[in-house]
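Me: I would like to learn how to read the features of a protein model. Please take them one at a time.

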Amino acid sequence: MTSHDFRPSADRSDRALLAYVQQELSAPAEAIAGYAEILLDEAERNGHGEFRDDLEKIHAASRSLIDFIASLVSRSRAPTRGPSEDSEDYRRDLRHNLRTPINAIKGYGEMLREDAAGVDDARALVSDLNRLLEEASRLLERIDGLVSFSLPETEAPAKNAEVGAEPVSAMVAHRFVVSVQPISEGEADRVAVLPSRILVVDDNASNRELLKRRLERQGHSVALAENGYCSLQALRQAPFDLILLDLLMPDISGFDVLSILKSDPDLRDIPVIVISALNEIDSIVRCIEAGADDYLAKPFDPVLLRARIGSSLEKKHLRDREREALEALCIEKERSEQLLLNILPAPIVARLKSGETVIADHVNDVTILFADFVGFTELSSRLPAPELVGVLGCVFSAFDGLALKFGVEKIKTIGDAYMVACGLFDNRDDHAHAVADMALAMAETLDILNETLPAPLEIRMGMNSGDVVAGVIGAHKFIYDIWGDAVNIASRLESNSLPGRIQVSRSTYEHLCRDFILAPRDGLEIKGKGAMEAFFLTGRRQGAASR
């Protein structure tokens with residue numbers, strides 16, 4: 001590739017090259033201006049009025065330098081291709097225009113530094129002057145390299161080759177132009193990758209129609225609103241993926257519409273691109289702070305508008321997918337937690353989620369109930385498996401409902417046996433009453449269910465109160481269970497009870513005797529325990545309210 005000179009008004013490479021030079025010149029120039037402003041403030045604050053004139057000249061020269069650098073990209077005069085005399089004249093003029101304010105800054109700065117050096121309380125001012133002069137010297141040294149605009153002979157130098165100041169700017173610009181493809185003809189009306197529903201809000205009918213035509217050619221569905229109030233009505237009547245919002249409208253400003261949208265939970269996630277003839281920094285910043293996704297000045301470039309719309313829509317669709325994924329995750333989490341709550345008591349689930357790995361508790365004064373069906377083994381031999389499982393499912397589901405009603409914890413089912421306990425959590429002092437109420441309700445519920453079951457069932461129950469050990473066992477298909485002598489006695493009382501009766505121990509009797517009707521049972525012998533005092537629970541006393 002042969003070298004050539006830049007032509008900023010006609011060639012992308014030249015414009016990129018000039019923009020890079022402008023960028024490299026702007027940073028030190030802004031630093032010089034910043035130090036000049038600090039020096040002016042310090043001189044005013046410290047009463048050094050004698051330095052003010054020179055500092056203002058330095059500041060004016062720095063602003064002149066910044067303005068000249070800012071004008072580089074838009075400069076219409078450009079050198080012709082080839083090493084012509086006109087090109088050399090341009091470079092010479094450019095160096096001159098850059099050096100003139102820098103030399104003024106250096107000249108006034110050096111004289112001021114000499115004057116301030118003899119002033120006792122001007123050390124801070126001298127220190128900042130030194131920094132300013134260092135920046136000016138550094139910028140002056142770089143000018144020759146930065147205003148040389150020839151491209152390198154090859155597309156990229158060898159990795160370890162030493163690159164001087166002169167070809168660096170051209171190399172950077174060339175690489176940029178190669179990597180960023182030019183905009184093709186007709187790109188403004190290319191069909192969008194994500195056709196979407198867009199609301200155009202503008203009080204000017206011509207602007208609305210023009211935007212509508214352009215967006216429809218890209219495949220979007222477009223609705224129009226002639227003012228702010230109409231836009232809010234439209235947004236509450238139909239969903240939109242994007243809003244193009246004019247800022248200056250007679251009824252309610254676009255900024256107020258934007259503020260209303262972002263304060264509404266149902267509308268705040270819709271991306272908004274503000275399009276306005278008001279192209280000043282305050283409006284842009286306030287709109288972005290209020291939640292606008294972008295800001296375009298009128299008249300806008302159609303290709304740029306298409307790119308901004310595409311970017312906003314892509315981000316919106318990504319947010320929608322993230323939200324859908326999060327909602328699905330929350331649903332699955334709720335299902336998992338509900339499944340866990342169907343297996344384990346809620347307090348145990350909370351402890352497992354908090355990180356406990358071993359759960360084992362000694363709990364004082366708990367009431368346990370065992371219930372078992374009489375003659376179920378014989379019934380299971382007569383009924384088909386689906387019907388048998390259906391019977392158990394119907395009855396145990398009804399018992400589960402009673403456990404929730406009375407605040408009793410279902411521990412497990414073993415075959416046709418059903419086990420519950422109360423007092424394991426929250427230090428309930430009415431645990432025996434809750435289990436007794438549930439036992440009576442279980443007997444009543446079974447009588448009602450027997451009217452619809454294929455074969456009537458009888459149940460016997462046993463209750464006991466005492467201390468237990470409770471915990472979670474197993475790592476796979478784990479369960480929450482309770483152990484101890486109190487559990488064994490409740491099980492024995494159930495197995496030695498009579499059909500349709502609820503047999504309770506002496507310890508449970510002590511809890512229930514004032515509020516429930518209990519009849520003593522004589523001659524009860526329990527294996528491993530011998531003679532045991534027991535009672536049949538038959539109901540609540542009149543006037544004894546549930547606790």
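Me: Where is the place of D365?

Reply: D365 sits in strand 6, residues 360-374. Helices (H or I, at least four residues) and strands (E, at least two) are DSSP runs, numbered from the N terminus. The model is predicted, so local features need pLDDT of at least 70 and side-chain atom pairs count only at pLDDT 80 or more, while totals for chains, interfaces and linings use all residues. Residues are numbered from 1 along each chain as its sequence is written, and side-chain values use heavy atoms, with hydrogens and water left out.

Me: What is phi of D365 near?

Reply: Most residues other than glycine have a negative phi, and most peptide bonds are trans. Phi of D365 is near 55°, a positive value in a residue other than glycine. D365 is partly exposed, with a relative accessible area of 32%. Buried means under 20% relative accessible area, exposed over 50%, and partly exposed in between (1.4 Å probe, protein chains only).

Me: Is N427 buried or exposed?

Reply: N427 counts as exposed, because its relative accessibility is 76%. N427 is not a glycine either, yet has a positive phi of about 50°. Its place is the loop between strand 8 (417-422) and helix 14 (431-449).

Me: Is the peptide bond from K298 to P299 cis or trans?

Reply: That bond, from K298 to P299, is cis, with omega near -5°. P299 belongs to the loop between strand 5 (294-297) and helix 10 (302-343).

Me: How are two packed helices described?

Reply: Two packed helices are described by the angle between their axes and the distance between the axes. Axes are lines fitted to C-alpha atoms, for helices over the stretch in contact, and angles run from 0 to 180 degrees between N-to-C directions. Take helix 7 (residues 228-237) and helix 8: their axes are 10 Å apart, at an angle of about 25°. Helix 7 is therefore roughly parallel to helix 8. Angles under 35 degrees count as roughly parallel, over 145 as roughly antiparallel, 65 to 115 as roughly perpendicular and the rest as oblique.

Me: Which residues make the contact of helix 7 with helix 8?

Reply: Contact means heavy atoms within 4.5 Å. Helix 7 supplies G228, S231, L232, L235 and R236, and helix 8 supplies V257, I260 and L261. By class, there are five nonpolar, two polar and one charged residues. Ala, Val, Leu, Ile, Met, Phe, Trp, Tyr, Cys and Pro count as nonpolar, Asp, Glu, Lys and Arg as charged, and the others, Gly among them, as polar.

Me: At what angle do the axes of helix 8 and helix 9 cross?

Reply: The axes of helix 8 (residues 254-263) and helix 9 (residues 281-290) cross at roughly 15° and come within 9 Å. Helix 8 is therefore roughly parallel to helix 9. On the helix 8 side the contact involves F255, L258 and K262, and on the helix 9 side R286, C287 and A290. These divide into four nonpolar, no polar and two charged residues.

Me: How many disulfides does the count come to?

Reply: A disulfide is a covalent bond between the sulfur atoms of two cysteines. The rule asks for a pair of cysteine sulfur atoms within 2.5 Å, and the count comes to zero. As for individual cysteines, C287 is buried, at 1% relative accessible area, and C230 is partly exposed, at 27%.
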